[in-house]
Amino acid sequence: MIATRRDALKLAGLAGLGAGLPRGLFAAEEIPELAAQVARLQLLPDSYPQTEVWGYGGTIPGREIRLGQGQRLRRRFVNDLPQASSIHWHGIRIDNAMDGVSGLTQDAVAPGGTFDYDFVTPDAGTYWYHAHNRSWEQVARGLHGPLIVDEAEAPDVDREEVLILDDWLLNPETGQIDDSFDHPMMMSHGGRTGNYVTTNGRYNLSLPVRRHERLRLRLINASNARIFPLRLSRLEGWIVALDGMPLATPAPVEDVLVLGPAQRTDLIVDVLADEGETADLVHVGDAENFSQVVFTVSGTASQTRRAAPVALPPNPKMDRPDLAGATPLRLVMSGGAMGGMDSAILNGERMGFRELAAAGRFWAFNGVAEMTDTPLADLGLGEPVRLEIVNDTVFPHAMHLHGMHFREVSKDGALGPLRDTILVGGRETREIAFIVDNPGDWLFHCHMLGHAASGMTTWVRVT
Ligand code: C2O
Ligand code: CU
């Protein structure tokens, strides 16, 4: 057991001593704490042993954080883990100093240490927070939770559910998390995918609903590398937001909905199933489909169907980039198994693939297999940018930009919806564009977290 700051306070008999002392002296203590802790939970079915996890507040998923649009979020991160850590607030257009990237925007917080996060949430929507130090290990151990920013005016739904989709790589005998986080096989292929799929930490999440009930579902993919292909059964649904940002027009869900690592999709769904039936969020499997979430119907919310939902209120305006005048950037992703990358730069030197692999590097961005002191681009505030992403590997990659949202540029030059993470298929080329509107140093990396750790991380500087 490691001694924590709070244990030390208790030992010294100091906890709660703030009362009676001049105000201001202990003012900092009023920040609510968010502790990352080791916990044992019944993740597997009851007949299996408990699993040791790392969780915020000791739970899986981490404690939900919810606040209103434009409000200030303050949390004192308390690191009760045996490893240094930091918290990244994924998708928030945040003050750079609060972005939580250890090694770039802050030092990792040592075991027993604390860090005060304090920022404003300008946009309503579905976000999440997760560890950003050794994230390929720490997120896999459970360090993630939902961050929900409520619209000033709530949409017309009966209720909402936050659904965190995840997978775990567990030893079926011991029930413990497989700790081969750095295994070359995981790094060099699709990433660490688990053998146990959960929603909100449950393999069989079942939620009671009523016929014709209208729900808002906030889907968050918190897995290290799994792409979730999902389908609605006995539910009629509309996509109303992607990566937190409302769509101008709700888009009916007609087919399979793909949720890449770190991506979010907000759905409004109407329950069509009858009393005694189930409606399902179906995980479309390679061999077999299974139910990611079961909605069991009892009772009726209304006799008739409602009209299609209206769009969520828009977030503060983000200007569309003028493509003709935009600064062109290019990112070529290479490497991985069957990728044919024969060399790349590491520690400033050109190395062959085998040497790179021995150093735990399997991927490169523009021929460089490490995060260097030189950013991918030095950008000016207000500058429009278009970035071509060339995936010269056989694997898909979920590319995430910190601090800003972007739009995809389609082949005909049209701009898609705002996103913070784009899933780029194997051997695919995609293009994104945005106006650089947030100063600071911002990471741009693959959210298959093992990939980020083994070569797929770069950054942009905005001044
Ligand atoms: Cu969700 Cu750099 O991370
Ligand atoms: Cu990747």
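Student: Which residue stands opposite Pro208 in S19?

Tutor: Pro208 has Thr296 as its opposite number in S19. This is a predicted model, in which local features need pLDDT of at least 70, side-chain atom pairs count only at pLDDT 80 or more, and totals for chains, interfaces and linings use all residues. Residues are numbered from 1 along each chain as its sequence is written, and chains are lettered from A and ligands numbered from 1 in the order in which they are written.

Student: How many bridges hold S11 and S19 in their pairing?

Tutor: There are 5 bridges between S11 and strand S19 (residues 290–300), and the sense is parallel. Strands here are DSSP runs (E, at least two residues; helices are H or I, at least four), numbered from the N terminus. Two strands pair if DSSP finds at least two bridges between them.

Student: What is the strand order in that sheet?

Tutor: The order is S11-S19-S18-S13-S16, an open sheet of 5 strands with mixed pairing. Strand S11 (206–211) and strand S16 (257–259) are its edge strands, each pairing on one side only. From one strand to the next the twist averages 30°; axes are lines fitted to C-alpha atoms, for helices over the stretch in contact, and angles run from 0 to 180 degrees between N-to-C directions.

Student: Turning to the sheet with S1 and S4, what is its order?

Tutor: That open sheet has 4 strands in the order S2-S1-S4-S6, again with mixed pairing.

Student: Why is one side of S2 and of S6 left without a neighbour?

Tutor: Strand S2 (51–56) and strand S6 (114–120) stand at the edges with a single partner strand each, so one side of each has no neighbour in the sheet. Neighbouring strands are turned by 25° against each other on average, direction ignored.

Student: How do S1 and S4 run?

Tutor: Strand S1 (residues 33–41) and strand S4 (residues 72–79) run parallel, joined by 4 bridges. Ala35 has Val78 in S4 as its bridge partner.

Student: Changing topic, what are the domains?

Tutor: Domain 1 covers 5–150, domain 2 159–300 and domain 3 327–462; the bounds come from an automatic or database domain assignment.

Student: How far apart are the centres of domain 1 and domain 3?

Tutor: Their C-alpha centres lie 28 Å apart. The contact takes 11 residues from domain 1 and 13 residues from domain 3, with contact meaning that C-beta atoms, placed from the backbone, lie within 7 Å.

How values were computed. Contact = placed C-beta atoms within 7 Å.
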